[in-house]
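Subject: Structure handover

Hello,

Here is the structure we talked about. Please load it first, then read the notes below.

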Amino acid sequence: MNFGKREIILTVVALVFVVLGIRLFKIQILDESYTLDARNNAMRYETVYPARGRILDRSGKTIVENKLIYDLMVTPRTVTEFDTTALCDIFGIERSFIEERFAYWKENSRKVGYGAMPLLRHVSSEQYNRFAERSDRFPGFNAVTRTARIYPINAGGNLIGYVSEVDRAYIDKHPGYRPGDYAGKTGIERAYEERLAGKKGYTIYFRDAAGRNRGRYKDGLYDSLAVAGNDITTTIDADIQSYGELLMKNKVGSVVAIEPSTGEILTMISSPGIDVSQLAEISKYYREISENPYNPMFNRTVQSAQPPGSVFKLVNGLIGLQEGVLTPNTMYSCSRGYTFGGVHVGCHNHPSPINLTQSVAMSCNAYYCYVLRSILDNKKYDNIEESFEMWRDYVTSFGFGTKLGSDVPYELGGNVPTIKTYNKLHGKGHWRSLSIISLSIGQGELGCTPLHLANLCATIANRGYYYIPHMIKDDPDYPIDPKYLERHYTKVDTCWFPYIVEGMNQSVYGAGGTSHISQIPGVEMCGKTGTAQNPHGDDHSVFVCFAPKDNPKIAVAAYIENGGFGATWAAPIASLIVEKYLNGEIAPGTRKDLERRVMEGNLLHKVKVKKKKR
Amino acid sequence: MREKGIIRKLDWPLAVCYLVLILFGWMNIFSALRGDNTNIFDFSMQYGKQFIWICISVALAFCILKVIPARIWNGTAWFLYGVEILLLLAVIFVGKNVNGSRSWLGVGSFALQPAELAKITISLALATLMGRYGFSLKTTSDYLKVAALVGIPALLILLEGETGSVIVFMGLLVVLYREGMSGWVIALGAFIIFVALLTLIYSPFVAEVVSIGVFFLILGFHRGRIIAWILVAALSVTALTFLPKVFEIEAVAALSLPDISIIAGGLTVLTSVILVLRSFIKSSRNSFVRNALLALCAAVLVAVAVDICFEKLPEYQQGRINVLLGKVDDPKGDGYNVHQSMIAIGSGGFLGKGFLGGTQTKFGYIPEQETDFIFCTVGEEWGFVGSIALLVIYFFMISRILLLADRNKDRFARIFGYCTAMCIAMHVVINIGMTIKLMPVIGIPLPLVSYGGSSLIAFTSMIFIFLRLDMERNKI
């Protein structure tokens, strides 16, 4: 008997079995990936979409809320014969449309897999009901509910922003989003996406190899509930916002109103804007909107940086006072302008000579040429570069030339020229105060957004400091960024501001004041007109104002493109907004007439538009 | 008194293993296919049918143990062998075509797979042939007899398209080894398989170079001058690896010579043949070197032949082989079965998902999950612990059969026992190996566990014929 051979055979068999065992050990215990693959295989995570948070105005009025809508989905792999005619009948679609979609999915069957594909979006509830009654006739079709935005008040399309389905690029940048999800793309919807969106939930289903649903996984033990988004209370006053939009109809420009004592943005209008009726289905109107020559997508309030015009004289006056080169009693004379060394800056006809208050009230150009020159040619400083840098420091302390840091998306910083700018323009050492004299009246290389101007106005209303403008109310659960609660002082001492305030008050009420049109019954108003020179057409009409003079409640900046003088369009619009906000209504008589004139006014023909590329 | 005899004489450990396996298999078939059904006796489903097959098998086992005399197997082996050959022929002409192989015979509502039964008849015939007095595996004619005995049914089964069953017969080489065949034959066989694999994974040229290296090494071990021959092996292999570079030279490439593997192979064979002939002329007594040279020739020829055959294989088989060798990764196409079965088994983890708890098998991700891929359910629901336990049971069965076989004084019983054990071993290794991507997808069932009447009856018959023979061991 040969027992040795049996042992050899058994050893070999055992070795082979050990190899099997090692392999099993490897795939069952060491390698976790198979467990994951098994989950992906057999479990389907069906997303449960949370309701998006509402957006409220400062008084609690709803600006944006949700309604239920239905999307008709198809899982092409599970579709068997269905009643095409009935389906077309219910949804009012062509048979060819369905055939075309199915042909497309067949072509891309690898990508589609067992997934559900959207066939029709935003199906009406009436269509949905008709479909649901007969759903057994359409195997593989189902309707999913989701929420869509509705806008009870027609106010602030651009400000609110729109929500749309995320695309590839968005998903790449924002982990946690998947195809089919929606996200805020502009305005408040974008800025506060995280709070509004809530948390998606999911229901776990088993699915078999054919993609069929085989019931809940562990009876829903591991499902995750959707958490609804949080409501957001904005600082916007919905009434003023929609009133302002009425005023801005057929005009290109923007209006920004701020509550000076808090920095809260009361109104932010960019015109022409996106009508809220288009927001909910932005993709449907996207082409129309993007082809509009006046560019409604462009949020002028924070993105259009333009020369501020005479409004900027307020800043130069304050710098002059602080630097000691100007006193409230300094008198300069003006004979229809300022002429020196071959430079001429024109001015309108007004009494002469005048003091600081009068210079603000009458908006004298020559006065500020003197002021800027005395600031820059101050013997305290060795050269123009040094004094210019000092001037620039003052200007930027008002927030000009940088992003203010508001929560409005896509805010631009604007522009305040630097030494480099002029060294490049004129050559180093080849420029002097006279070279840059247009800065005195807010022209030249300055670029300020309407938000900057409103902030300037609020700063003056506060007599020397501002809060960073923001559009969300502080909330105990969601405290706003502490930076919005800080006072930001400028480099100009608060003691100098009352003189400028007085000038602005005189501009409205004093003899020769340029802002008389903005007088409102029962309210002590302060204002300053501006006319920004525009080489391409009519000048831009600019106006800043705040009211009441003491304890100001509202500071407004209006920038009306091609509106001509500040007093022509910007001042009426801004003052009407102040009146509506403070008095609740427009006084009958001249004010009502003014309101009618503004609402009926159409400046669109004056605006030169670039032909849009298709 | 006979009753008592069975109880006392039967080898209970083996019988218990058998029962455990068939019941375990039944449970897994139910778990894999039950869907929403809770009735394991639903006879419209495979698990219901398997219950019938189990009943039939148990009845058959009882008949073999009690009713049928032990002597009959040795006596009727050739008759049964002949019947089986007829069945196999019948299948080729009137068989049902299932999944590309024509291997089923319809008998009423149940279909029979004669190829599965060939195991029994070949084993019986082999045991009869080799158990005959005077048979010694020393003459060529003895080998030819064995080859013909296994070869004829194997050829018929190949014609049916059941390649897997034929591969199982390779396990019978072990039986020959046990009965006196030189171990070198199996070693040579293993080496040839190794060469074939190298050819498929790399190229015939690489296989040739490796063969030459191995040849020199074995020569070194044989001559006792290991270092010297290792050097020769290393030098020749290094020199040969530069050969492809030579073929890249433009002037050489311009000659449009035949493939490098054919040239290198041809030269090797030529040299070997000259050397072998020389050794005959000199009537050298060193037959080892001669045999080694012949083995080298065989290896080279196999390399070239495998390469040519692979090109001739149908595309789906090429695909399966490529996936197995890891040359192609294709979880949706040819690799789908294996990919899904790996997921199912791998997701079982240490303790598994529990009986009826598997998701992959239950929701139909694995094709043929109740037959060839039943191990997926085992791996997924019983985990590493269950899988290893199953392997241990199989190993225990195999070693138990071999032990009992060696204990048996009857040569017929012993050879039949070895055949039985080797069939089980081959089935287990190939089947489980296939589900965990160690073996190509060869459709053969897991003994006693997979769904299928023919397979169950075949293994039941073999095990219980052997047990019956074992009961008689003291009678002779």
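A residue counts as buried if 20 or more other C-beta atoms lie within 10 Å of its own. Ile354(A) has 21 C-beta neighbours inside 10 Å, so Ile354(A) is buried. Please keep in mind that this is a predicted model.

**Two loop residues in chain A**

Ile354(A) sits in the loop between β14 (343-346) and α16 (356-362) of chain A. Leaving out residues up to four places away in sequence, Ile354(A) touches Met331(A), Tyr332(A), Ser359(A), Met362(A), Cys364(A) and Tyr367(A). Ser333(A) is 21 residues away along the chain, with 6.3 Å between its C-alpha atom and that of Ile354(A).

Lys428(A) also belongs to a loop, the one between α19 (419-426) and α20 (450-461) of chain A. Is Lys428(A) buried or exposed? Lys428(A) is exposed, because it has 11 other C-beta atoms within 10 Å.

**Chain A overall**

Chain A has 614 residues, and 41% of them count as buried. Its secondary structure comes to 23 helices and 19 strands. Take the chain A contacts between residues at least 6 apart in sequence: 71% of them join residues at least 24 apart.

**Cores**

The largest nonpolar core holds 131 residues. Cys457(A) and Val556(A) have the most contacts inside this core. Helix α17 (residues 365-376) of chain A gives the most to it, with nine residues. Domain 1 (45-74 + 100-106 + 119-233) and domain 2 (238-283 + 296-606) of chain A each contribute at least three residues to this core.

What does Cys457(A) contact, apart from its neighbours within four places in sequence? The partners are Val544(A), Cys545(A), Phe546(A), Ala555(A), Val556(A) and Ala557(A).

A second, separate core has 107 residues. Among them are Leu21(B), Ala61(B), Val150(B) and Ile374(B).

**Helix α10 of chain B**

Helix α10 of chain B covers residues 204-223, 20 residues in total. From first C-alpha to last it reaches 28 Å, close to the 28 Å expected at 1.5 Å a residue. Its buried residues include Phe205(B), Val209(B), Phe215(B), Phe216(B) and Leu219(B). The cover over the buried residues of α10(B) includes α9 (183-201), α11 (226-241), α14 (260-281) and α15 (287-312) of chain B. Just after α10(B), Gly224(B) takes a positive phi of about 85°.

How do α9(B) and α10(B) pack? Their axes come within 7 Å and cross at roughly 145°. The crossing of α9(B) and α10(B) is right-handed. On the α9(B) side, the contact is made by Val195(B), Leu198(B) and Thr199(B). On the α10(B) side, it is made by Pro204(B), Val206(B), Ala207(B), Val210(B) and Ser211(B).

**Where the chains meet**

34 residues of chain B are in contact with 30 residues of chain A. On the chain B side, α8 (172-178), α17 (336-346), α18 (374-407) and α19 (411-435) each supply at least two residues. Which of these chain B elements gives the most to the side that touches chain A? It is α18(B), with 11 residues.

Best wishes

Technical notes:
Residues numbered from 1 in each chain as written. Chains lettered and ligands numbered in written order. Predicted model: local features only at pLDDT ≥ 70, side-chain atom pairs only at ≥ 80, totals over all residues. Helix = DSSP H or I, 4+ residues; strand = E, 2+ residues; numbered from the N terminus. Expected span 1.5 Å × (residues − 1). Buried ≥ 20, exposed ≤ 12 C-beta atoms within 10 Å, placed from the backbone. Contact = placed C-beta atoms within 7 Å. Core = buried A, V, L, I, M, F, W, Y, C linked by C-beta atoms within 7 Å. Domains from an automatic or database assignment. Axes fitted to C-alpha atoms, helices over the stretch in contact; angles between N-to-C directions. Left-handed = near helix turned anticlockwise from the far one by under 90°.
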